[in-house]
Structures are given as C-alpha cells and as structure tokens.
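I opened a new notebook page for this chain. I wanted to look up its layout, its confidence and a few single residues.

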Amino acid sequence: MSVKTAERKNVMSAKQTKDTLKDIDGVKLENSEVTLHVGHEKGACKEYWCTLHNRSPHPMRYMQQFWRSDRQIMERVCSHGVGHPDPDELIEKDWTHGCDGCCDVAMEYLRMNKRLDA
Ligand SMILES: [Zn+2]
Ligand SMILES: [Zn+2]
Ligand SMILES: [Zn+2]
C-alpha cells in the first residue's frame, strides 16, 4: 500500500528530525511494557498528532505500539503479530508493509478525517 503525505502536516514523527533522535524523558508505549527514551522533546509536538505525547483517537489505539528502531517509525502490532505504521506516525512516501488488512480501518479513519490524500 502506498500513501501520499501531503495532507499530513498535522502529524509529528517521534523522530526529532529526519536523522536525529534525542534522549528524552521516557515515554511508555501504549499497551506495551516498553519505555522509549529517544524521540523529540515533549513540547515540540503541541500542535500535532504524535505517537508519543498526543495520540489521536484512531481505531488502532487498542493495539500495542512498537518502535521500529531500524526504520525509526512507530508501528502498531495487531493480534496476529503483524506490525502496521502507527496512524499518528509521520508517513513515509512508501508506506509498504507486510499487511494483513488490520490497518484498513485506520486508513478509513484517516481519510474521513482528511489526514490522507486518497
Ligand atoms: Zn510528541
Ligand atoms: Zn492482523
Ligand atoms: Zn497494515
């Protein structure tokens, strides 16, 4: 699946910038025992949806958050163990992932809320 980024200026990645992660006060990932200690500072995302500090009420909130340190994106893991991009993550141009369809409902939510182009 490929998704455009243009409408998603209202989202801030957990990353501070493209390639810099800062040490931050630990943030417990949702539905997870993991605490993330890297990302942007708390105030930076005030006006944005954020996977760490300002999560939107999207349909994947019940899933476990999983920080993909290799790709530096936040994922949500469905009950089948498949990781999908967190809807509040800054979307990369190529959003291809091994998907079993469990994020379709979140895509619909993002479209309805005009957070996706298509
Ligand atoms: Zn934030
Ligand atoms: Zn699934
Ligand atoms: Zn998916």
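My entries follow, from the whole chain down to single residues.

**Ground rules.** I am reading a predicted model, in which local features need pLDDT of at least 70, side-chain atom pairs count only at pLDDT 80 or more, and totals for chains, interfaces and linings use all residues. Residues are numbered from 1 along each chain as its sequence is written, while chains are lettered from A and ligands numbered from 1 in the order in which they are written.

**Confidence.** I checked pLDDT, the predictor's confidence in each residue, from 0 to 100. Its mean over the protein chain is 83, and 80% of the residues reach 70 or more. Strand β5 scores highest, at a mean of 95, and strand β1 (residues 11-12) lowest, at 72. Over residues 1-9 the value stays under 50. Where pLDDT is low, the predicted coordinates should not be read in detail.

**Layout.** I took helices (H or I, at least four residues) and strands (E, at least two) as DSSP runs, numbered from the N terminus. The protein chain has seven strands and one helix. Their order from the N terminus is β-β-β-β-β-β-β-α.

I then looked at burial. A residue is buried if 20 or more other C-beta atoms lie within 10 Å of its own, exposed if 12 or fewer, and partly exposed in between, with C-beta atoms placed from the backbone. Of the 118 residues in the protein chain, 32% are buried.

**The sheet.** Which strands form the open sheet? I found three, in the order β5-β6-β7, with antiparallel pairing. Its edge strands, β5 (64-68) and β7, each pair on one side only. Two strands pair here if DSSP finds at least two bridges between them. Strand β6 (residues 73-77) and β7 share three bridges. Arginine 76 has histidine 84, in β7, as its bridge partner.

**Two positive phi values.** Asparagine 31 is not a glycine, yet its phi is positive, about 55 degrees. I located asparagine 31 in the loop between β2 (22-28) and β3 (35-39). Asparagine 31 has 14 other C-beta atoms within 10 Å, so it is partly exposed. Glutamine 72 also has a positive phi, near 55 degrees. This residue sits in the loop between β5 and β6. Is glutamine 72 buried or partly exposed? It counts as partly exposed because it has 19 C-beta neighbours inside 10 Å.

**Cysteine 99.** I found cysteine 99 in the loop between β7 (83-85) and α1 (104-112). Cysteine 99 counts as partly exposed because it has 16 C-beta neighbours inside 10 Å. From cysteine 99 to cysteine 78 I noted 9.9 Å, C-alpha to C-alpha, and 21 residues in sequence.

Key
Two residues are in contact if their C-beta atoms, placed from the backbone, lie within 7 Å.
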